[in-house]
Structure formats: structure tokens, C-alpha cells
Amino acid sequence: PKPNGDVALLLVHAINPYGFAWLRRENEDSVDLNRNFVDHKNKDYPENDLFEEIVDNLVPLEWNDTAYENYLKAIQSLNDKYGDVPVRKAMHKGQYKHPNSIHYGGTAATWSNTTLESICRDYLNQSKRAVIIDIHTGLGPYGYGELMTPSKPGEPVFDLFSDWYGEQVHSTTAGASQYAGSKGSILAGFQPLPESLEWAAIGLEYGTRERETMRKAMLANTWLHVHGKLDSNLGRQIKQEEKDASYPDEDQWKSLVWERGKEVIGVALQQFAQA
């Protein structure tokens, strides 16, 4: 069935315009936006003590092959000590003490955070039910859009999306998803007003390159903005590698992204129309 007049689709493009302009996942405050949706008022930041043992190995003074090899050795040593899953999660779930390192969540709600809240307040003030599909790239199989939620099986949000998409839905906290999970993500931490709104969030994560390529590009890009020079041969090389890692300029990848996006959004519209 076609959506009726009570169903609408709102597209919000590039909620981090600074990041898009500078080919960064961070915003104008060097904040990773997808770690920023936490309780800043009460400084209730997620625990991440293990990151303190990792941080000194992430952003060297100089970026070269030797520096990256040293990083790999340090991570392997930590993997041997704690296990690769705890180390990977500690690296990626967000931290709130080191502005010049990766996945920094900030100490206040960013412009993007408050702008998204304002958009929802303006457009959802008459809504009874709403779902956000948060689109990202960089994790998982090439061109495939993995559906992810921090909700667990048996919880209302997970069961809602499971009814919609079946076994395609993966929990970032209870399943086999490659995503490390973050309490500061838009999926876990964003709740638009009013509180009476039935709200559910799911991520659509498109794979690009293999994991280590992604991680190296992110580390290099972080180094570039902390210690490097954007207008240099190395700076331009790092930016090109970061762009390729986040957005492969390949017709096959773009077609896969488009078809999967139509499928996922189409199911959501159909489900709302039937409700």
C-alpha cells in the first residue's frame, strides 16, 4: 500500500556540515558527533578506563610507516593482555577526556546535536510515532547496509524493527554486529521532544573498505588535524585516502547503496501506512 496522508518522510542531509566540508567524522569542535548524545548537564559520561592505556599510541607526533607499525604493535600487546574485543570496544565506544584523540564525545551538546533536536521539535510536534534511520558508511561488507540498534531482543525497539526487517536487524549490544556500540550515539542517546512521542532509532551502516584500512585512514586523518599540515602532499594524500574509505567513487558501490536505501526506507513507509 502507498503511504497515506498521515505518513511523511523527512530527509536531513549532512547534520555535520563541517565534517563533510573537511572530510572528517569530527565537527568544528573536534567532537565525534556520534559520541555526543549523552547527559552533558550531569556530566554522566560512559566509563572507558581501558582507553587510557590505548590513547598514547593513537596520535603520534609524526605520521609515517614506522609510527603506524608502532601503533599495530602496541594494540597487539593490549590485545594479548585484555583480548581484542575489549580493546576494540574501548577504542571506538567514545571517550570524554582527550579532545585531540579519536572518538572524543565533547563536554557539551554540539551545534549538530541541538540543531537535530530543533528540527525534530519543528517537524514532529504533531506526530504520534516516528522512526529515525541514521545512515553511515565505513563498516561491514562492501556496499551492504547493515541494520543496527543498541536495543536487545525482547525490548520494544528491537522487536519493532525485527517485525519490519526480520533477521536483518542486529543488536550492537547483544549480537554479532561488528559495531562496538556507543552510549553516546544518536541511536542510543537521542530522544526528541515530546516524551509522549513513540520513538525508535535504527542505523543503516554501509560497508566500504576492510576494517584495518578504515582504522588507518581515521588515525591518519586525526593526526593530520592535530599535528600535520593540510596543504601538503602528505595532507592531500591522507584526505584522498579518507574520502575513498568513507565514500568509494565506484558505480557498483553507489548502486548497492541506492538500492538498499530504497528497500529499507520503503519498508518503513509501508509499515507506517499499515499502522
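This is a predicted model: local features need pLDDT of at least 70, side-chain atom pairs count only at pLDDT 80 or more; totals for chains, interfaces and linings use all residues.

Arginine 236 has a relative accessible area of 43%, so we call it partly exposed. Its salt-bridge partner is aspartate 231, and the N to O distance there is 2.6 Å. Aspartate 231 comes out at 58% relative accessibility, so that one counts as exposed. While we're on charged groups, there's also a network: Arg209, Asp244 and Glu250 are joined by salt bridges that share partners.

How many salt bridges does the structure hold? Twelve.

Two of them I'd like to show you. One is lysine 93 with glutamate 47, where the closest N and O atoms are 3.9 Å apart. Why do I say this pair ties parts together? Because lysine 93 sits in the loop between H4 and H5, while glutamate 47 is in the loop between H1 and H2, and those parts are 46 residues apart in sequence. Lysine 93 itself is partly exposed, at 26% relative accessibility.

The other is arginine 129 with glutamate 198, at 3.7 Å, N to O. Here we have strand S1, residues 129–142, holding the arginine, and strand S4, residues 198–207, holding the glutamate, so this bridge links parts 69 residues apart in sequence. Arginine 129 is partly exposed too, at 33% relative accessibility.

Okay, let's go inside. The largest nonpolar core has 21 residues, and the members touching the most other members are Ile54 and Leu58. Which elements give two or more residues to this core? H2, helix H3 (65–82), H4 and helix H8 (211–226). H8 gives the most, with five residues. If you click on isoleucine 54 and skip residues up to four places away in sequence, you'll find it touching Ile75, Leu78, Val87, Ala90 and Met91. There's also a second, separate core of 17 residues, and its members include Phe158, Phe161, Tyr165 and Ala200.

Now for two loop residues. Is asparagine 27 buried or exposed? Buried, with a relative accessible area of 0%. You'll find asparagine 27 in the loop between helix H1 (17–22) and helix H2 (51–54). A polar atom of its side chain lies 2.9 Å from the backbone nitrogen of aspartate 29. Leaving out residues up to four places away in sequence, asparagine 27 touches Asn16, Tyr18 and Thr110.

Tyrosine 104 is in another loop, the one between helix H4 (84–92) and helix H5 (111–123). At 9% relative accessible area, tyrosine 104 is buried.

Last stop, the surface. Leu10, Val12 and Tyr123 make up a nonpolar patch there, with about 300 Å² of accessible area together. Leucine 10 is in the segment before H1, and at 42% relative accessibility it's partly exposed.

That's my tour; over to you.

How values were computed. Residues are numbered from 1 along each chain as its sequence is written. Side-chain values use heavy atoms; hydrogens and water are left out. Helices (H or I, at least four residues) and strands (E, at least two) are DSSP runs, numbered from the N terminus. Buried means under 20% relative accessible area, exposed over 50%, partly exposed in between (1.4 Å probe, protein chains only). A polar contact is a pair of N or O atoms within 3.5 Å; within protein, one must be able to donate a hydrogen and the other to accept it, and residues adjacent in sequence count only if both atoms are side-chain atoms. Contact means heavy atoms within 4.5 Å. Patches are made of residues with over 30% relative accessible area and no salt bridge: like charges are joined within 9 Å, nonpolar side chains (Val, Leu, Ile, Met, Phe, Trp, Tyr) within 5 Å. Accessible areas come from the Shrake-Rupley method with a 1.4 Å probe; for residues, only the protein chains shown count as cover. A salt bridge is a side-chain nitrogen of Lys or Arg within 4 Å of a carboxyl oxygen of Asp or Glu. A nonpolar core is a set of buried Ala, Val, Leu, Ile, Met, Phe, Trp, Tyr and Cys residues joined through side-chain atoms within 4.5 Å.
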